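This report covers helix packing, the nonpolar core and aromatic pairs. Please read it alongside the model.

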Amino acid sequence: MNGEQQQYYLKWNDFQSNMVTSFKHLRNDNSFTDVTLACEGQTCKAHKMVLSACSPYFKTLLEENPSKHPIIILKDVPFKHLTDILEFMYAGEVNVSQDQLPSFLKTADRLKIKGLAEAPQSSVKREG
């Protein structure tokens, strides 16, 4: 006997959809939020882990300024862009009106949002 035990591959088939649903619930319920984003005199609560996973800009900012619950003030970011960016981060998708798309993508690029920053045209899909 060589002492090796057989390995079993276990997979959660709907892992991605379950995580997206869980992230949406955590965001909607403000459960375990640990960062506040502010712009145009309004605020949104979010999760450092989600922000860091979706943006090297936020990852660096949060690493360089450790705080239990920081407040990040975003200058020159429209509140609607912030809420849409958070929707994209938590759900992996967002609807943006055609007239807002160029400025929205510019904001996303400034914040280095993965999947939106320097977005190739193939990732932008028109909704009918």
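## Helix packing

Helix α1 (residues 15–29) packs against α4 at an angle of about 140°, with the axes 8 Å apart. Axes are lines fitted to C-alpha atoms over the stretch in contact, and angles run from 0 to 180 degrees between N-to-C directions. Helices (H or I, at least four residues) and strands (E, at least two) are DSSP runs, numbered from the N terminus.

From α1, Val20, Phe23, Lys24 and Arg27 meet Thr83, Leu86, Glu87, Tyr90 and Ala91 of α4; contact means heavy atoms within 4.5 Å.

## Basis

This is a predicted model: local features need pLDDT of at least 70, side-chain atom pairs count only at pLDDT 80 or more, and totals for chains, interfaces and linings use all residues. Residues are numbered from 1 along each chain as its sequence is written, and side-chain values use heavy atoms, without hydrogens and water.

## Nonpolar core

The largest nonpolar core has 26 residues, and Leu37 and Met89 have the most contacts inside it. Such a core is a set of buried Ala, Val, Leu, Ile, Met, Phe, Trp, Tyr and Cys residues joined through side-chain atoms within 4.5 Å. Helix α4 gives the most to this core, with seven residues.

Beyond its neighbours within four places in sequence, Leu37 contacts residues including Phe58, Leu82 and Leu86.

## Aromatic pair

The rings of Tyr57 and Phe58 have centres 5.4 Å apart and planes at 75°, so the pair is edge-to-face. Rings of Phe, Tyr and Trp (its six-membered ring) pair if their centres lie within 6.5 Å; planes under 30 degrees apart count as stacked, over 60 as edge-to-face and the rest as tilted.

Phe58 is buried at 1% relative accessible area, while Tyr57 is partly exposed at 31%. Buried means under 20% relative accessible area, exposed over 50%, partly exposed in between (1.4 Å probe, protein chains only).
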